[in-house]
Amino acid sequence: MSVAGTYETVVKSPMGDQKGTFTVVPGDDGKTFTGSMAGGLGSMDVKDGTIDGDTLSWKMDMTSPMPMTLDCKADVNGDQLTGTVNAGAFGDMPVTGQRKG
């Protein structure tokens with residue numbers, strides 16, 4: 001099954017649950033993707049998105065509440081997305097998502 005789609009996500013952060021909408025748009029090669037994460041703190045574009053089977057890896061540049069690069073990795077199983085968002089000194093934060101029909 002393709003990893004493409006729009007997922008309603010929740011990141012368990014030190015500031016509480018951060019809800020967002022994560023969009024995955026695979027490239028023509030099937031090994032890369034673009035997209036974005038939009039939520040209460042604004043929107044961030046996917047950078048360096050790669051697809052390895054059902055595993056997504058990507059980076060995002062956060063500007064608020066402080067500038068930092070987030071390193072993200074998630075597995076897609078059916079319509080479920082589970083993984084981690086690494087926020088540097090703040091460590092790994094779990095992320096879960098449900099693909100929207």
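In strand 9 of this predicted model, Pro94 is the bridge partner of Thr84. That contact belongs to the pairing of strand 8 (residues 80-86) with strand 9 (residues 92-99). The two strands are antiparallel and share seven bridges. They form a hairpin with five residues between the strands. Within this hairpin, Gly88 takes a positive phi near 60 degrees.

Strand 8 also pairs with strand 7, again in the antiparallel sense and over seven bridges. Here Asn77 has Gln80, in strand 8, as its bridge partner. Two residues lie between strand 7 and strand 8 in their hairpin. Gly78 sits in that turn and has a positive phi of about 65 degrees.

These strands belong to a chain built from strands, with nine strands and zero helices. Its pattern along the sequence is β-β-β-β-β-β-β-β-β. The radius of gyration is 12 Å, close to the 13 Å that the globule rule gives for 101 residues, so the chain is as compact as a globular protein of that length. The C-alpha trace spans about 35 × 25 × 20 Å along its principal axes. Of the 101 residues, 33% are buried.

Strand 2 runs antiparallel to strand 3, and seven bridges join them. Pro26 stands opposite Phe33 of strand 3. The two strands form a hairpin with five residues between them. Gly30, in the turn, has a positive phi of about 75 degrees.

Strand 3 also pairs with strand 4 (residues 42-45). This pairing is antiparallel and extends over four bridges. Ser36 has Asp45, in strand 4, as its bridge partner.

Phe22 lies in strand 2 (residues 16-26) and Trp58 in strand 6 (residues 55-62), so the pair ties together parts that are 36 residues apart in sequence. Phe22 is buried, with a relative accessible area of 1%. Trp58 is buried as well, at 3%.

Trp58 has another ring partner in Phe33. Their centres are 6.0 Å apart and their planes stand at 70 degrees, so this pair is edge-to-face. Edge-to-face pairs need an angle over 60 degrees. Because Phe33 lies in strand 3 (residues 32-39) and Trp58 in strand 6, the contact ties together parts that are 25 residues apart in sequence. Both Phe33 and Trp58 are buried. Phe33 is also the residue that Pro26 stands opposite in the pairing of strand 2 with strand 3. Ring pairs link Tyr7, Phe22, Phe33 and Trp58 into a cluster.

The model also contains open space. The largest pocket holds about 460 Å³. Its lining comprises 29 residues. Gln18, Leu41, Met62, Leu70 and Met93 lie nearest the centre of this pocket. Several strands give two or more residues to the lining: strand 1 (5-13), strand 2, strand 3, strand 4, strand 6 and strand 7 (68-77). The lining residues divide into 17 nonpolar, ten polar and two charged.

Technical notes
Residues numbered from 1 in each chain as written. Predicted model: local features only at pLDDT ≥ 70, side-chain atom pairs only at ≥ 80, totals over all residues. Heavy atoms only, no water. Buried < 20%, exposed > 50% of the residue type's maximum accessible area, 1.4 Å probe, protein only. Phe/Tyr/Trp six-rings, centres within 6.5 Å; stacked < 30°, edge-to-face > 60°. Pairing = 2+ DSSP bridges. 1 Å grid on protein atoms, 1.4 Å probe; cavity = no way out; pocket = protein on both sides within 12 Å on 5 of 7 lines; lining within 4 Å. Points joined across faces, edges and corners; volume = space filled by probe spheres on them. Nonpolar A, V, L, I, M, F, W, Y, C, P; charged D, E, K, R; others polar. Rg over C-alpha atoms; globule rule 2.2 N^0.38 Å.
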